[in-house]
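Please look through the sequence and the model shown here, and then follow the explanation below.

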Amino acid sequence: QVQFVESGGGLVQPGGSLRLSCVTSGIVFRIYSMDWYRQAPGNQRELVSRITTGGITNYADFVKGRFTISRDNAKNTLYLQMNRLQPEDTAVYYCNTGTSTSWGQGTQVTVSP
């Protein structure tokens with residue numbers, strides 16, 4: 001059974017930083033590209049960033065230069081370092097392979113003064 005367990009969210013002031021983690025199980029983590037998504041209230045889930053098996057990264061324009069995705073294949077874990085957070089980054093953040101129909105609970109990120 002595929003599982004994604006996201007953590008690391010919280011309440012932070014504008015300009016602050018958070019580091020999200022996603023521990024996976026039920027998949028051979030190292031052979032999958034991995035994605036971070038987010039969903040704000042009233043909005044559809046959107047792709048934030050992707051990292052390939054070879055470590056090539058891609059970012060949505062709205063996080064480029066502020067967020068960094070990384071992975072640790074030995075720990076089956078995906079990370080998202082988020083710097084210079086803005087109120088518009090407030091959302092629930094999820095990880096996924098991009099093709100799995102299983103989703104974790106996500107981790108809430110709230111950016112507010």
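Over the ring of which residue does the charged end of Arg45 sit, 3.9 Å from its centre? The ring is that of Trp103, where a charge counts as sitting over a ring if NZ of Lys or CZ of Arg is within 6 Å of the ring centre and within 35 degrees of the ring normal. The charged end of Arg45 also sits over the ring of Tyr94, 4.3 Å from the centre of that ring.

The model is predicted, so local features need pLDDT of at least 70 and side-chain atom pairs count only at pLDDT 80 or more, while totals for chains, interfaces and linings use all residues. Residues are numbered from 1 along each chain as its sequence is written, and side-chain values use heavy atoms, with hydrogens and water left out.

The secondary structure of the chain comes to zero helices and ten strands, where helices (H or I, at least four residues) and strands (E, at least two) are DSSP runs numbered from the N terminus. For 113 residues, a compact globule would have a radius of gyration near 13 Å, and the 13 Å of the chain agrees with this; the radius is taken over C-alpha atoms, and the globule rule is 2.2 Å times the number of residues to the power 0.38. Along its principal axes, the C-alpha trace spans about 40 × 25 × 20 Å. Of the 113 residues, 40% are buried, a term that means under 20% relative accessible area, as against over 50% for exposed and in between for partly exposed (1.4 Å probe, protein chains only). Among contacts (heavy atoms within 4.5 Å) between residues at least 6 apart in sequence, 52% join residues at least 24 apart.

In soluble globular proteins, nonpolar side chains tend to be buried together.

Strand S8 is largely enclosed by the rest of the structure, because five of its six residues are buried. Six bridges join S3 to S8, and these two strands run antiparallel; strands count as paired if DSSP finds at least two bridges between them. In this pairing, Cys22 has Leu78 of S8 as its bridge partner. S8 also pairs with S7 in the antiparallel sense, over six bridges, and Ile69 stands opposite Leu80 in S8. The hairpin of S7 and S8 has four residues between the strands, and Asn76 there takes a positive phi near 50° although Asn76 is not a glycine. Asn76 is partly exposed, with a relative accessible area of 30%. Another residue other than glycine with a positive phi, near 50°, is Arg84, found in the loop between S8 and S9 and partly exposed at 49% relative accessible area.

Strand S4 likewise has five of its six residues buried, so S4 is largely enclosed by the rest of the structure. S4 pairs with S5 in the antiparallel sense over five bridges, with Leu47 in S5 as the bridge partner of Tyr37. Six residues lie between S4 and S5 in their hairpin, where Gly42 in the turn has a positive phi of about 80°. S4 and S9 also pair in the antiparallel sense, over five bridges, and Trp36 stands opposite Cys95 in S9.

A search of the whole structure finds two aromatic pairs; rings of Phe, Tyr and Trp (its six-membered ring) pair if their centres lie within 6.5 Å, and planes under 30 degrees apart count as stacked, over 60 as edge-to-face and the rest as tilted. The rings of Tyr37 and Trp103 have centres 5.3 Å apart and planes at 75°, so this pair is edge-to-face. The pair links distant parts of the chain, with Tyr37 in strand S4 and Trp103 in the loop between S9 and S10, 66 residues apart. Tyr37 is buried, with a relative accessible area of 13%, whereas Trp103 is partly exposed at 33%. Tyr94 and Trp103 form an edge-to-face pair, 6.0 Å centre to centre with 90° between the planes, and Tyr94 is buried, with a relative accessible area of 11%.
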